[in-house]
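Hi everyone, thanks for making the time today. Please have a look at what comes up on the screen, and I'll talk you through it.

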Amino acid sequence: MKFNKWTLGLAAIGAVSLASAARADEAKLSQVQTALSDTTISGYVSSSANWTWSPGADNVGTSPAGNIPLQDGKANGFNLDVVQVTIAKPQDESEWAAGYQVSLLFGPDATGWNPSANSTGDSDFSIQQAYIALRTPVGNGIDWKVGVFNTIVGYESFDAGSNPNYTRSWGWAVEPTEHTGVLGSYKFNDEFSVSAGVANTLVAGINSRNTYDNNNAWHKTVMGSATFSAPSDWGWLAGSAFYAGMVYGFAGGTEGDATQAGNQVNYYAGATLNSPWQNVTFGAAFDYVQNAGGGEGLGGAHVNENIWGLYNTIKATDKLSFNTRGEFWGVDVKDGVGYGNGVSLTETVEYDLWANVVSRLEFRYDHVLRSASGSGVYLIPTGDVDRATSYGLYANIIYKF
């Protein structure tokens, strides 16, 4: 065993023995081995092909298809979406358990995702999540996340392979994504659980701050949610989940400008329902966004949005499944500026031929039913476009490791 020069010097004058130093080094090594023994590495690589079009227009960027989340710059070609790597140590069952999770993103979808408040520009690398997981022995135990964590509302997530469809919904587009703060979760029993937390802002941004009042006051974002899981004696509904949540806080704007900065509130309700048919499941989601963007939007007026989503999955075989999503949205620009609504239909066929691989082919249709005050500007949940209708055909392959 090697010893550093300070240990050898102390041993020479009799201050320490080499045997005790060796035991100390072995103890440190044992602690490191114990800490690493339960560490896991996982993640995925996502790639896609995209063909989108809008009748009567060559530029799909001015249509709904050009504004679907995470599809910017991907029209009509082959794409690397993102590489995700997660390093984690889960909590054990002890009363004072501790662990951590770090999820890193590489590639185009990482650009501008959850940027640090001190960053000087966009890069193809970002931190999706990075938090310390702690448990305090109060009642059944409160589990804490301290750091950067995913939002608590929404039916879908950033990780496409965890969603029934490849392209994200309009509901996902208007929801928060990540927060920097503290989140506590408590499970009363097998049926009921709740979460509550506080964060810097509603919008993503590591170490971001509420700039509405030039950082002169303690204005933070608050959030809460509740989940109910149907018990086993509910027959074929057993295992179905019902969810409600809310996030309220600063959503952007210009520092010190009361007309351009402020708070947004997101209300969410969702359910995942089993059916009498074992291989058929249903889902539902509702998003209501009040004062979207936190300030004044089109025409200098506040924007409120509501989005309804319905999901259906039919698992035909162990490898083949059909996933359907339908959405209806409404965009209300206050002070008489206008109102717009529209529909979206997505059909995804998934056939997982290879082990650990998700392979999908998807068709998507988006259509604005009503324009804003007849002005020829069509409102969608993420802004306004020049074309009312778009179509998209997508192929997606994900390898999970």
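Let's start with the second largest cavity, whose lining is made up of Ser46, Leu70, Gln71, Lys74, Asp81, Val82, Asp109, Ala160, Tyr166 and Arg168. A cavity here is a set of points, on a 1 Å grid over the protein atoms alone, where a 1.4 Å probe fits but cannot get out, and a lining residue has an atom within 4 Å of a point. The space in this second largest cavity is about 50 Å³, where a volume is the space filled by probe spheres set on the points, and points are joined across faces, edges and corners. Sorted by class, its lining has four nonpolar, two polar and four charged residues. For that sorting, Ala, Val, Leu, Ile, Met, Phe, Trp, Tyr, Cys and Pro are nonpolar, Asp, Glu, Lys and Arg are charged, and the others, Gly among them, are polar.

Before I go on, a word on what you are looking at. This is a predicted model, in which local features need pLDDT of at least 70 and side-chain atom pairs count only at pLDDT 80 or more, while totals for chains, interfaces and linings use all residues. Residues are numbered from 1 along each chain as its sequence is written, and side-chain values use heavy atoms, with hydrogens and water left out.

Now, one of those lining residues deserves a second look. Leu70 sits in the loop between β1 (40–53) and β2 (77–89); helices (H or I, at least four residues) and strands (E, at least two) are DSSP runs, numbered from the N terminus. Its phi is near 65 degrees, a positive value in a residue other than glycine. Most residues other than glycine have a negative phi. Is Leu70 buried or exposed? It counts as buried because its relative accessibility is 18%, and buried means under 20% relative accessible area, exposed over 50%, and partly exposed in between, using a 1.4 Å probe and protein chains only.

Asn114 also has a positive phi, of about 50 degrees, although it is not a glycine. You'll find Asn114 in the loop between β3 and β4, and with a relative accessibility of 4% it counts as buried too.

What about the largest cavity? Its volume is about 70 Å³. It has 14 lining residues, and the closest to its centre are Ser169, Gly171, Ala285, Asp287 and Tyr311. Two or more lining residues come from each of α3, β11 (280–290) and β12, with β12 giving the largest share, four residues. By class, this lining divides into seven nonpolar, three polar and four charged residues.

While we're on strand β12, Asn312 is in it too. Asn312 is buried, since its relative accessible area is 16%. Its side chain reaches the backbone oxygen of Thr281 at 3.1 Å. Beyond neighbours within four places in sequence, Asn312 is in contact (heavy atoms within 4.5 Å) with Val280, Thr281, Phe282, Phe322, Asn323 and Thr324.

On to the nonpolar core, meaning a set of buried Ala, Val, Leu, Ile, Met, Phe, Trp, Tyr and Cys residues joined through side-chain atoms within 4.5 Å. The largest one has 27 residues, and Leu105, Trp113, Phe158, Trp170, Trp329, Val331 and Ile380 have the most contacts inside it. The elements that each supply at least two of its residues are α3 (170–173), β12 (303–315), β13 (320–333), β15 (357–370), β16 (378–380) and β18 (389–400). Strand β13 provides the largest share, three residues. In soluble globular proteins, nonpolar side chains tend to be buried together.

Leu105 also leads us to Asp124, as the two are in contact. Asp124 is in the loop between β3 (98–106) and β4 (125–136), and at 45% relative accessibility it counts as partly exposed. What joins the side chains of Asp124 and Thr111? That is a polar contact of 2.6 Å, a pair of N or O atoms within 3.5 Å where, within protein, one must be able to donate a hydrogen and the other to accept it, and residues adjacent in sequence count only if both atoms are side-chain atoms.

Finally, the overall picture. The protein chain has three helices and 18 strands, and 40% of its 401 residues count as buried. Of the contacts between residues at least 6 apart in sequence, 61% join residues at least 24 apart.

Conventions: 1 Å grid on protein atoms, 1.4 Å probe; cavity = no way out; pocket = protein on both sides within 12 Å on 5 of 7 lines; lining within 4 Å.
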